[in-house]
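Colleague: I would like to learn how to read a few features of this model, taking a helix, a sheet and some ring contacts in turn. Could we begin with the end of a helix?

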Amino acid sequence: MSPPSSVQNGTFRVGDLVVSGQYFGRVKAMFNERNKRVDEAPPSTPVLLLGLNGAPQAGEKFRVYEDESEAKEVANKRAQILREQGIRTKKHITLDEIGRRLALGNFKELNLIIKGDVDGSVEALSDSLQKLSTEEIAVRVVHKAVGAITESDVLLATASDAVIVGFNVRPSSCASRPAENEGVEIKTYSIIYNAIEEVKSAMEGLLEPKVVEKIVANVEVRNVFKFDKATVAGCYVLDGKIFRNSKIRVVRDGIVIYPVGEGASAELQSLKRFKDDVKEVPSGMECGLTVKNFNDVRVGDIVEAYEEEEVKRTL
């Protein structure tokens with residue numbers, strides 16, 4: 001069912017082929033203002049019509065076509081334009097979305113508009129929030145003022161992709177609807193500490209997680225067996241537990257000799273207990289192992305097994 005329409009010129013009849021906005025279809029039925037069925041509508045006659053494949057927006061004009069293919073083409077082109085506009089429309093940032101939003105490069109910026117009840121509160125909140133800035137995330141106050149949150153604040157937030165922070169103030173009636181339509185977030189607080197903590201938590205979600213190495217085992221080489229295709233190290237697990245898929249490095253006299261280079265990693269080619277392949281060997285047990293692409297293993301070397309884990313960074 002389409003919304004009520006009013007004929008501006010010409011006579012509108014049941015069976016006419018209509019295009020309105022991105023929707024089209026043949027009119028199957030019409031009803032007048034008394035909800036009585038009519039077959040035609042002369043100029044200035046309001047009618048409720050059935051037959052379109054969707055409900056046009058209020059204010060859309062409708063036009064009658066004779067050629068169905070032409071009507072369909074016009075409607076499809078309009079639908080395509082609306083889809084492209086929707087794709088290009090920028091989604092404004094919110095505190096909830098910050099943790100999922102990746103900025104260009106390694107630098108990120110959080111724009112804020114601050115409104116408060118008195119000058120002192122505005123300045124205190126502005127200073128506290130700007131002090132949350134780090135080398136990776138800059139907090140920038142694009143506007144601060146005393147008074148209610150107005151429509152001009154929403155327009156500025158739309159242009160600068162900012163979050164509006166209100167302290168002991170509320171948005172005016174003419175600001176709430178534009179903010180909702182534009183997707184601008186308005187956060188209101190009555191305690192400064194709560195505002196600081198919420199923004200801080202949102203920013204921590206923006207920080208890239210830090211990769212931390214955790215040593216899971218130290219294995220001492222106590223004997224070396226050289227074969228044509230591999231060098232097998234007879235080892236003793238000093239502490240922890242070494243796994244077949246562990247990342248490893250070979251340490252000699254306290255110096256890492258393999259692999260060498262920042263970001264380089266090495267792995268085991270095999271891990272055995274006696275003649276059997278195993279997935280892990282715990283502390284206090286002997287094992288035999290070979291290091292992938294490395295044969296210069298010597299007695300006394302330490303094979304250090306480690307794993308990498310991402311740790312959420314805080315400000």
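Modeller: Helix H4 is followed by Gly183, whose phi is positive, near 75 degrees; helices (H or I, at least four residues) and strands (E, at least two) are DSSP runs, numbered from the N terminus. This is a predicted model, in which local features need pLDDT of at least 70 and side-chain atom pairs count only at pLDDT 80 or more, while totals for chains, interfaces and linings use all residues. Residues are numbered from 1 along each chain as its sequence is written, and side-chain values use heavy atoms, with hydrogens and water left out.

Colleague: Which residues of helix H4 are buried, and what do they pack against?

Modeller: Buried means under 20% relative accessible area, exposed over 50%, and partly exposed in between, with a 1.4 Å probe and protein chains only. In H4, which spans residues 173–182, the buried residues are Ala175, Pro178 and Ala179. Seen down the axis of H4, they fall within an arc of 105 degrees (taken over the directions from the helix axis to the C-beta atoms), so they line one face of the helix. These buried residues pack against helix H3 (151–160) and strand E13 (186–189), where contact means heavy atoms within 4.5 Å. The face turned away from the buried side carries the exposed residues Ser173, Arg177, Glu180 and Asn181.

Colleague: In what order do the strands of the open sheet lie?

Modeller: Strands of a sheet pair through backbone hydrogen bonds, either parallel or antiparallel. Here 3 strands form an open sheet in the order E4-E3-E9, with antiparallel pairing; two strands pair if DSSP finds at least two bridges between them. The edge strands, each pairing on one side only, are E4 (23–26) and E9 (62–65). Strand E3 (residues 17–20) pairs with E4 over 4 bridges, and Val19 stands opposite Phe24 in E4.

Colleague: How many aromatic pairs does the structure hold?

Modeller: A pair of aromatic rings is described by the distance of the centres and the angle of the planes. Rings of Phe, Tyr and Trp (its six-membered ring) pair if their centres lie within 6.5 Å, and planes under 30 degrees apart count as stacked, over 60 as edge-to-face and the rest as tilted. The structure holds 2 such pairs. The rings of Phe12 and Phe62 have centres 5.1 Å apart and planes at 45 degrees, so this pair is tilted. Phe12 is buried, with a relative accessible area of 2%, whereas Phe62 is partly exposed at 24%. The rings of Tyr258 and Phe294 have centres 4.6 Å apart and planes at 15 degrees, so that pair is stacked.
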